[in-house]
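Colleague: I am new to this structure and would appreciate a guided conversation about it. May we begin once it is on the screen?

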Amino acid sequence: MSHDRFYVTTPIYYVNAEPHVGHAYTTIMADIFARHHRQRGEDVFFLTGTDEHGAKIARAAEAAGHTPKSHADTLSAKFRDLGRVLEASNDFFIRTTDAAHITEVQRVLGILHARGDIYKGSYGGWYCTPCEAFYTEGELAEAYTCPIHGTPVEWLEEDNWFFRLSAYRERLLAHFDAHPEWVVPTPRYNEARRMIESGLEDLSISRSQISWGVPVPWDPEQVIYVWVDALFNYWTALGYGAGADGARYWPPDLQLMAKDILKFHAVIWPALLMAAEIELPRRLAIHGYVLKGGEKMSKTTGNLVDPFPFIDDYGIDALRYYLCREIRFGEDGTFSAEGFDARYTGELANELGNLLNRTVIMIDRYRGGVVPADQGEDRALADEVAQRQAEIVAAFDAADITRAVEAAWVLVRALNRLVEQRAPWVLAKDPGAAADLDQVLFSLAAGLTSVLVLLWPIIPGSAARALASLGQDPSQVLLARATWGDGIAGARVTAIPPLFPRVEGRPE
Ligand code: MSP
């Protein structure tokens, strides 16, 4: 996957309720990928945004006593603000109520209609509004409830426009066969493939009973099904949110989402693109759920963690680090205040923060604040840095963020061992050990610089502050900067307040 541009997306979030840690999770993971690929010198486009049409939003607005648009404006702004607080470096924030999005969705659907891929029919089925999706009886949970939300489904019957999804079965299967890594991890690929094998029904792509949506261009009495409107955001955004030559980013290199929306992205989305003769995304990376007390965090079940208190108390980098380290990317993982505090204190503060602090203090005390020259005695450590860097790049290519952070942390631990084993405070008392002391101090500064560059996508603010304290330019974070020893000797270090200060009390 090495080419010079990289397009990464998150799902666009529903504006029916406030953002929670589950949304923050996907945005942070996408941001980590975006930053990593920028470190490779690639031309990155990172897209996120909000999904604002459909019955779910219209009902939430009504319940709040607002028009759908004013409700969407308020909630969309909250998702946008959350992105800022998360330090998400997205290049654009799309809203499906953007006029340019609406026009383009209508244009593309017009093409599908003209080609005969859309026809009129009638449909009756069990509908889950929180999912904005129909279910067959066999898919429902007990007592006619949604298999995802556990809430009652409704019988919905209307004359709609249909997309010939069933006609794409063979082409979809051929695509899966030709691209065995287009959905990762593999169990999700298999799951999506099974959905296609087990038969596809045509998809109702319009609604007549609701008005909050994009009008069907050839039948304005109906609005476009919110999922079809939403999926095309990944395409429409490039037309007006990515500058004059936005089309160069197509197709997406990496689309992130949780497994709840696998079918929409791995079955319906590629079929719609095939019908529109648009090139398919290169990869979907499906992650697990952030659980609270063993259950998926979701506004429908009300089982939520508000990210803001954690960010206020511990800082955004602590949340970013915790989520990618604690939850194995691709699997479910539990968010807990205790676990958060333990990783913050045990790893960020004690392992990384203290390492930086000790290094700077020792260089100050023993070498007047200037990093000494490399004596060439730590080749093994230099090799380990190079190996871990290669491992991190491979982990990102395999869409495995957790493995990437683990590999970086191996280096943090190796550097802490170096301090313990070589005990610079002992060497400092022995005038005959000056060269040894030079080597240890150099190795610590060099190793830390590399590890901070490697950790920058995960903890960007802290990594930048730490690099500055080591006398390094914090804006230079290309991966090449992680090469052992470049620009280290002679750098002037400056002590800074603790990177990860002690936190008194903690949010529930
Ligand atoms: N609007 C649709 C997506 C349309 S994309 C064309 C939607 N929105 S949503 O607000 O429900 O967000 C779903 C996404 O938010 C999940 O796929 C996932 O990326 C993220 N998450 C929401 N809750 C989550 C967890 N509890 N855990 C992990 N991710 C979560 O579906």
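Modeller: The conversation below goes through the domains, the ligand, the salt bridges and some backbone details.

Colleague: What kind of model is this?

Modeller: It is a predicted model.

Colleague: Into which domains is the chain divided?

Modeller: There are two parts to follow: domain 1 covers residues 5-306, and domain 2 covers residues 337-482. The C-alpha centres of domain 1 and domain 2 are 41 Å apart. Their contact draws on 14 residues from domain 1 and 15 residues from domain 2.

Colleague: How much area do domain 1 and domain 2 bury between them?

Modeller: Together they bury about 1300 Å², and 66% of that is on carbon and sulfur atoms.

Colleague: And which residues in domain 1 lose the most area to domain 2?

Modeller: Those are Ile32, Arg35 and Gln39, which together account for 46% of what the domain 1 side buries.

Colleague: How many salt bridges are there between domain 1 and domain 2?

Modeller: The count between the two domains is 1 salt bridge. Arg40 pairs with Asp397 in a salt bridge whose closest N and O atoms are 2.8 Å apart. As for polar contacts, 6 residue pairs are found across the interface of domain 1 and domain 2, with both residues of each pair at pLDDT 80 or more.

Colleague: Let us turn to the ligand. How many residues surround it, and which are the closest?

Modeller: The ligand is surrounded by 26 residues, and the closest are Ile12, Thr26, Asp51, Val290 and Met297.

Colleague: Where do backbone atoms come in?

Modeller: For Tyr14, a backbone N or O atom is 3.0 Å from an oxygen atom of the ligand. For Ala258, a polar backbone atom lies 3.0 Å from an oxygen atom of the ligand. For Gly22, a polar backbone atom lies 3.4 Å from a nitrogen atom of the ligand.

Colleague: Back to salt bridges: what does the count come to?

Modeller: The count comes to 37 salt bridges. One of them joins Asp253 and Arg5, with the closest N and O atoms 3.1 Å apart. This pair links distant parts of the chain, as Asp253 and Arg5 are 248 residues apart. Asp253 sits in the loop between α8 (233-240) and β12 (254-258), while Arg5 belongs to strand β1, residues 5-14.

Colleague: Where is Arg388, and what does its side chain contact?

Modeller: Arg388 is placed in helix α13, which spans residues 379-397. Its side chain makes a polar contact with the side chain of Glu384, at 2.8 Å. Leaving aside residues up to four places away in sequence, Arg388 touches Ala407, Val410 and Leu411.

Colleague: One more topic, the backbone. Is the peptide bond from Val184 to Pro185 cis or trans?

Modeller: That bond is cis, with omega near -5°. Pro185 is in the loop between β7 (183-184) and α6 (186-197). The peptide bond from Trp250 to Pro251 is also cis, with omega near 0°. Pro251 is in the loop between α8 and β12.

Colleague: Is the phi of Glu87 positive or negative?

Modeller: Glu87 has a positive phi of about 60°, although it is not a glycine. The residue lies in the loop between α3 (68-85) and β3 (92-95).

Colleague: Why point out these bonds and this angle?

Modeller: They are pointed out because most peptide bonds are trans and most residues other than glycine have a negative phi.

Technical notes: Residues are numbered from 1 along each chain as its sequence is written. This is a predicted model: local features need pLDDT of at least 70, side-chain atom pairs count only at pLDDT 80 or more; totals for chains, interfaces and linings use all residues. Side-chain values use heavy atoms; hydrogens and water are left out. Domain bounds come from an automatic or database domain assignment. Contact means heavy atoms within 4.5 Å. Buried area is the accessible area (1.4 Å probe) that two parts lose on being put together, summed over both. A salt bridge is a side-chain nitrogen of Lys or Arg within 4 Å of a carboxyl oxygen of Asp or Glu. A polar contact is a pair of N or O atoms within 3.5 Å; within protein, one must be able to donate a hydrogen and the other to accept it, and residues adjacent in sequence count only if both atoms are side-chain atoms. A residue is near a molecule or strand if one of its heavy atoms lies within 4 Å of it. Helices (H or I, at least four residues) and strands (E, at least two) are DSSP runs, numbered from the N terminus.
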